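Have a look at the model first, then read on.

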Amino acid sequence: MKLPELPTILKLRVVLKTLAVQVCLLLGILVLAWGLQRVYSAVDATTFPEPVAVPADAAQLSDNEKGKILLDAITHQMRYELNSTFGWSFNDIIFNRFVLDNRAYRQYGVYHATKFLLDLYSSQIAKLGSSDRESEFLYKARINSFAMDPRSFMFPSAEGSYKKGLRLLDQYKESLDKGTGVYNCRTDDLYASFVTVTGENMLGYAIGLLEKAQAMPFYELDNRIYEVQGIALVLRDFISTLYVLYPEISAKNNEGNMAAAMDSLNRICTYDPLYITSSFNSGELILSYLLFAKARLEDVRDSIRI
């Protein structure tokens, strides 16, 4: 018998069974997607709830020890990405666009922020004055190794170039141990650090990525959100470490602003929904965190200047 010829009660049963099968299929697909994401998260971190750890007695350490800790904070996330389960994937021709694109764009954000903070460290903080020469190791790392296009996969590869740069940074840290290297962070360097973080190349750049979030297709918005997350990861490590190393910053009665900024950055660093679409206003949410963090860090910056 055809469906129109069936009794009403039988028609209802057929329709309900069909809907039940469709619902089960949909739920099965969602559970499968959720399960795959959980498995992926177990082998390769997708959220980062805590900034880099800093020794409890960091504020009492010598200047050179502080210099090594601050440099490690700048490069912490870059080292993690290079040594993670799937390595540096932003230069993968296929997988970074179709399979690991969130990870790839996070890595680009990490690269962007690491490069700018390394420039600050080398050209300003690790010098006796504006006329002093940069450390040979820091200079080579930032001008040669970290200037490599993060998409380069051969002759030389970005991954190999960045690892070489990190080895140069380790040589700089050894020079501090030997007394031949220079680290000289002054109050104006602390102020300059917050200026850099809140400036157009860091938080300003991140905000610009999401300013027109509602007009973006979901696949572009998705990539930009994770690029912002990469920037936030490096920025958070740098600022939180600087704040612990130099208690003269917190002596300016800015603990509330700093805590609020860190909370917003933490929310960005742990943002990892199953799926991002423009209709859920994900871009506006992350943008609001960025704007709030920037405002609070500007308050901390201004308190240092007083």
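Predicted model: local features only at pLDDT ≥ 70, side-chain atom pairs only at ≥ 80, totals over all residues.

1. Residues are numbered from 1 along each chain as its sequence is written, and side-chain values use heavy atoms, with hydrogens and water left out.

2. Let's start with the aromatics. Rings of Phe, Tyr and Trp (its six-membered ring) pair if their centres lie within 6.5 Å; planes under 30 degrees apart are stacked, over 60 edge-to-face, and the rest tilted. That rule gives nine aromatic pairs. One of them is phenylalanine 90 with tyrosine 105, edge-to-face at 5.6 Å centre to centre and 85° between the planes.

3. What does that pair tie together? Phenylalanine 90 is in the loop between α2 (63-83) and α3 (95-98), while tyrosine 105 is in helix α4 (residues 101-125), so the pair joins parts that are 15 residues apart in sequence. (Helices here are DSSP runs of H or I, at least four residues, and strands runs of E, at least two, numbered from the N terminus.) Phenylalanine 90 is buried at 2% relative accessibility, whereas tyrosine 105 is partly exposed at 23%; buried means under 20% relative accessible area, exposed over 50%, and partly exposed in between, with a 1.4 Å probe and protein chains only.

4. Now try phenylalanine 146 and tyrosine 162: their ring centres are 5.7 Å apart and their planes at 5°, so this pair is stacked. Phenylalanine 146 sits in the loop between α5 (136-145) and α6 (158-178), and tyrosine 162 in helix α6, so parts 16 residues apart in sequence are tied together. Phenylalanine 146 is buried at 1%, and tyrosine 162 is buried at 0%.

5. Step back and you'll find a cluster: ring pairs link Trp88, Phe90, Tyr105, Tyr108, Tyr111, Phe146 and Tyr162. Arginine 151 lies over the face of tyrosine 108, at 6.0 Å from the ring centre. For this, NZ of Lys or CZ of Arg must be within 6 Å of the ring centre and within 35 degrees of the ring normal.

6. Finally, serine 122 in helix α4 is buried, at 0% relative accessible area. Its side chain makes a polar contact with the side chain of glutamate 134 at 2.4 Å (a pair of N or O atoms within 3.5 Å; within protein, one must be able to donate a hydrogen and the other to accept it, and residues adjacent in sequence count only if both atoms are side-chain atoms).
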